[in-house]
Each structure stands twice: as structure tokens, then as C-alpha cells.
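Q: Hi, I have a structure open and would like to talk it through from the overall picture down to single residues. Could you help me read it?

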Amino acid sequence: MAANGEELMSRTRDTAEVAPTPVPTADYPAERGIFCNRTLNLRSTRAVGYDMDYTLVHYRAQEGEKLAFGYARRVLGDRGWPVDDLKFEARQVIRGLTFDLELGNLVKPNRFGYVMKAAHGTRVLDFDEQRRAYAGRIVDLSEDRFVFLNTLFSHSEASLFAQLVDRVDQHELPGVLGYAELYQAVRNSIDAVHMEGSFKAEIIADPERFVEHDPELPLALLDQRHAGKKLLLITNSEWDFTRSMMSYAFDRFLPDGMTWRDLFHTVIVSARKPDFFFRPNPMYEVVEENLGLLRPHFGAIRKGGVYFGGSAAFLEKQLGVSGDEILFVGDHLYGDVHVSKAVHRWRTALILRELEEELRDLRDFEETQKKLREMMEQKEAIEAEICRRRLVAQRARDGYGPTDAEEADGAEARLTELREQFEELDERIAPLAQSAAELGNPIWGSLMRAGNDKSLYARQVERYADIYTSRVSNFVYQTPFAYWRAPRGSLPHDPG
Ligand SMILES: [Mg+2]
């Protein structure tokens with residue numbers, strides 16, 4: 001263990017990507033924590049299923065999404081669309097936003113579905129425009145009008161959609177009748193990129209450019225495997241791509257003679273999640289020694305085997321584990337976490353890489369946040385005093401109810417004074433509130449908050465992910481025996 005630890009440390013120094021953790025420690029950075037919505041005892045988890053893309057294999061989103069954007073632009077260009085000058089803008093969008101296909105907007109709703117920020121195409125709406133568009137209308141994700149940006153893979157699609165909305169408005173796209181049709185064309189172009197071989201071939205050919213190493217990740221899975229858990233890989237990616245990515249991400253950090261394949265009890269590729277959780281799709285075995293050809297598979301699952309397709313129900317039956325004995329770890333809020341929880345009651349962990357940067361930003365902002373909170377408290381006190389004095393003056397003027405004649409006499413002068421204080425405080429609050437709103441992303445702010453409230457994304461995370469964390473290797477810090485207890489939720493009427 002010590003030798004392994006030292007080895008890991010030296011390798012980590014070389015890559016300079018993450019802090020080394022040779023032995024389990026309670027002393028780890030706050031942003032590498034695992035956060036709990038519902039109590040989860042990892043000791044009683046018998047199988048841990050993993051998604052691959054952006055879960056076990058973390059792509060440099062900027063590079064990968066730029067590449068996908070470029071390929072999709074080519075697909076649309078072939079349709080005769082004027083798209084050559086479009087550029088991928090990484091900061092234009094964040095995960096968890098929603099497309100409004102009726103108005104061609106990107107919106108950020110709060111947990112109740114009220115729109116807190118909106119952009120039409122690439123232009124951010126001002127307060128009045130936003131109110132006109134969304135007064136009396138909430139974002140309900142069950143409506144076809146709204147499309148939720150579930151993963152980091154949505155960045156290229158969203159950036160393309162936003163820029164093309166501008167072109168639709170300028171009547172530059174031949175034959176496109178509306179934003180819903182535009183979205184479908186963008187969606188199809190992105191799907192074509194992911195299905196067609198050259199995009200993935202480019203990543204396979206140059207993994208260093210696209211994949212970020214995490215030297216602690218294989219250790220996290222080794223810990224779980226040695227603690228007796230069956231590890232499963234359930235990915236929508238094809239076998240060729242999966243094999244290349246997993247080998248690149250894992251093999252160099254595993255003990256000599258071991259490969260990523262030794263970690264997993266079962267590997268399922270081309271799983272077609274979320275369908276995998278709903279339907280009894282046929283399963284095939286990937287015949288590795290025969291160029292990855294597929295052989296229909298019906299019987300027991302072979303330990304160490306690689307399968308294609310199939311379903312969660314079949315897998316549960318074959319492995320003899322079900323429901324809350326399985327923890328599924330993925331980055332796609334709907335395809336990995338929502339459906340596995342809703343349909344099979346699997347325990348769920350969401351991987352949310354952006355959380356690390358957001359938590360660091362929040363920590364740096366703590367002092368300012370404290371000042372902001374103090375000023376808001378002063379503002380509320382002044383506001384309450386203004387309300388009280390107005391009522392005293394009103395009762396004195398109209399001659400009813402208990403009042404204070406002396407106070408009523410000086411009410412106007414005192415009210416003017418208080419209003420001045422209020423305005424002066426507001427001016428001091430504005431720039432701080434603005435900086436707070438820009439934490440995470442200058443346009444959209446933080447992933448999990450919308451204004452002072454939780455974002456709709458945060459609400460979805462809370463509903464479907466039992467735990468969430470920035471990366472799989474954070475399990476190293478908390479061991480395979482961890483017990484996460486849900487915090488006591490706060491309520492507006494809680495004392496103090
Ligand atoms: Mg994924």
C-alpha cells in the first residue's frame with residue numbers, strides 16, 4: 001500500500017492535475033467532498049454501476065465540445081446554411097439551463113420553474129423583456145416546449161442553437177419555420193456527429209488533448225472492488241471507443257499486470273440509456289477475439305464479459321442484486337440518475353465536475369458574502385421601520401386604532417431620513433449583489449442557485465441524486481464503508 005501510495009504521488013506530481021491522496025484521510029479540500037441528499041450506506045451497497053463519458057472518463061469540455069461544434073457546423077453547412085463563421089462559445093451556456101423552443105430562448109428557472117434569467121439567441125433579455133415573456137408562465141419540463149440541458153455534452157448544442165436563433169431572426173436560414181424546427185436540426189446534427197465515426201476517431205487518436213487524467217480514480221474503484229462490491233460499467237458508447245478511453249484513463253495507474261478490465265464484473269456498451277432502464281432490449285455478447293462481432297446472448301452473465309445493449313431488469317436478475325443494493329454513478333441527470341431512480345429505485349450518485357470551481361469561487365467570496373448578508377439585514381430592519389412609521393402616521397391621520405401622537409407628528413421627517421438611508425444602502429449593496437450573481441458564470445451565475453433560491457437544476461439533483469460530487473475519485477477520501485447522512489433540511493420558520 002505504501003509503495004503504491006508513493007508511486008501514485010509521484011505520478012500525480014507529473015500530471016499536476018489533482019492533489020495526491022496516498023492513504024485515506026479526513027483532510028481533503030472541501031470541493032472534493034461528497035454531498036448527501038438522502039441517507040446512503042455504502043456498506044450495504046452490493047454493486048456499483050458506472051457511466052463512462054464525463055463520469056469515469058473526464059473530457060476537457062472546452063476541447064471536446066469545440067470539436068463536436070465544428071463537426072455539427074459542417075453537417076449544417078452541407079444543408080446550405082450560412083454557418084462557417086460560427087464559433088463555439090464555452091461561457092455562453094451552463095449545464096442545467098432550459099431551451100424554450102417556442103420563443104427561441106435559453107432560460108434559467110428557479111426550483112419552482114419561475115424564469116430568473118433569459119437570453120434570446122445570444123442576447124440576454126433585460127428585466128422588462130424577461131417579465132413580458134414569462135409573467136404567468138412557469139417552466140414545466142414535462143412540456144415539449146422545454147428542453148433541459150442535462151450534461152456537459154449539451155454545451156456544443158446550446159451554443160449552436162443560441163447563435164442560430166439569431167440567424168433565424170435575420171431570415172438567414174433557408175426554409176426554417178421556427179425555433180422548434182431549428183432545435184431539431186441542431187439536435188440531429190449533434191447526434192450525427194456522435195454516431196458518425198470520425199469525431200470519436202479523432203478523440204481516440206489524440207486522447208491527451210481531450211481526456212483529463214485522474215490518478216486517484218483507479219484507486220477508488222480498486223477500494224470498492226476489494227471491499228466486495230461488484231463493479232459494472234454501463235455506457236452508451238460503442239465498444240471500440242470505450243476500450244480506448246478506459247484503457248487510456250485507467251491502465252497506467254493500476255498495479256503492474258492489471259488493466260481496467262480486471263476492475264469490472266460486467267461491462268455493457270451501447271446500452272442506450274435511458275431506454276436501458278425502461279425496456280427489455282435484446283442483449284448481445286461482444287466477441288472480442290472476433291473483431292468485436294456480436295453474438296445474441298440469453299443466459300447467465302459471464303464475469304469479465306463485455307455485452308452490448310440489454311436492460312437494467314435483465315442485469316438485476318442475472319446478478320441477483322436489485323433496487324437499493326445497486327448504486328449507479330453518472331453525470332447525466334436524466335439518462336443516468338432520474339430514470340434509474342424512478343424506474344428501478346437504484347441508489348444514485350451524480351457527477352458534477354463544475355462543482356469544484358463553484359465551491360472554490362464561493363470560498364473566495366465568503367468575506368464579501370458576509371458583508372452582503374449584514375447589509376441585507378440592515379436593509380430589512382430599515383424597511384420594517386419605514387412600514388411601522390407609515391402605519392402610525394396613517395392611523396393618526398385617519399383617527400383609528402392605537403397610535404402614538406408624538407411619533408406621528410415627526411413621522412414625515414423620520415420617514416424621509418429612513419428612505420435616504422435605505423437608498424444609500426441599496427447603492428452599496430448593488431455591486432456586491434451583482435458579483436454574487438456572476439459567481440460561476442458571468443451571464444448565468446452558479447449552477448445550483450437562481451437568485452437567492454435553488455435553481456431548477458438543483459431541485460432535480462435533490463429529487464433524483466442521493467449523493468452528488470465533483471468526480472468519482474472523491475470516493476477515495478471517504479472509503480467504500482462510508483455512511484452519508486442526509487442533513488436536517490432548513491425551513492423558513494426554523495428558529496435562529
Ligand atoms: Mg456520461
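This is a predicted model: local features need pLDDT of at least 70, side-chain atom pairs count only at pLDDT 80 or more; totals for chains, interfaces and linings use all residues.

Q: Which domains does the assignment give?
A: The domain assignment gives domain 1 as 34-59 + 211-357 + 469-473, domain 2 as 61-205 and domain 3 as 366-438. Taken over C-alpha atoms, the centres of domain 1 and domain 3 are separated by 56 Å.

Q: Switching to sheets: in what order do the five strands of the open sheet come?
A: The order is β8-β7-β6-β5-β9, and the pairing is antiparallel.

Q: Which strands stand at the edges, and why is one side of each left without a neighbour?
A: Those are β8 (123-124) and β9 (146-148), and because each has a single partner strand, one side of each has no neighbour in the sheet.

Q: What about β6 and β7, how many bridges are there?
A: Strand β6, residues 105-109, pairs with strand β7, residues 115-120, in the antiparallel sense over five bridges, and V107 stands opposite A118 in β7.

Q: New topic, helix α9: how many residues does it have, and how far does it reach?
A: Helix α9 covers residues 239-250, which is twelve residues, and from its first C-alpha to its last it reaches 16 Å, close to the 16 Å expected at 1.5 Å a residue.

Q: Which of its residues are buried, and what do they pack against?
A: The buried residues of α9 are F241, T242, R243, M245, M246, A249 and F250, and they pack against α6 (197-205), β10 (211-212), α8 (217-226) and β12 (266-269).

Q: Last one, L372: where does it lie, and is it buried or partly exposed?
A: L372 lies in helix α14, residues 366-398, and counts as partly exposed because 18 other C-beta atoms lie within 10 Å, whereas a buried residue would need 20 or more.

Q: What does L372 touch?
A: Leaving out residues up to four places away in sequence, L372 touches I429, L432, A433 and A436. K303, by contrast, is 69 residues from L372 along the chain, and their C-alpha atoms are separated by 57 Å.

Definitions and conventions:
Residues are numbered from 1 along each chain as its sequence is written. Two strands pair if DSSP finds at least two bridges between them. Helices (H or I, at least four residues) and strands (E, at least two) are DSSP runs, numbered from the N terminus. The expected span of a helix is 1.5 Å times one less than its number of residues. A residue is buried if 20 or more other C-beta atoms lie within 10 Å of its own, exposed if 12 or fewer, and partly exposed in between; C-beta atoms are placed from the backbone. Two residues are in contact if their C-beta atoms, placed from the backbone, lie within 7 Å. Domain bounds come from an automatic or database domain assignment.
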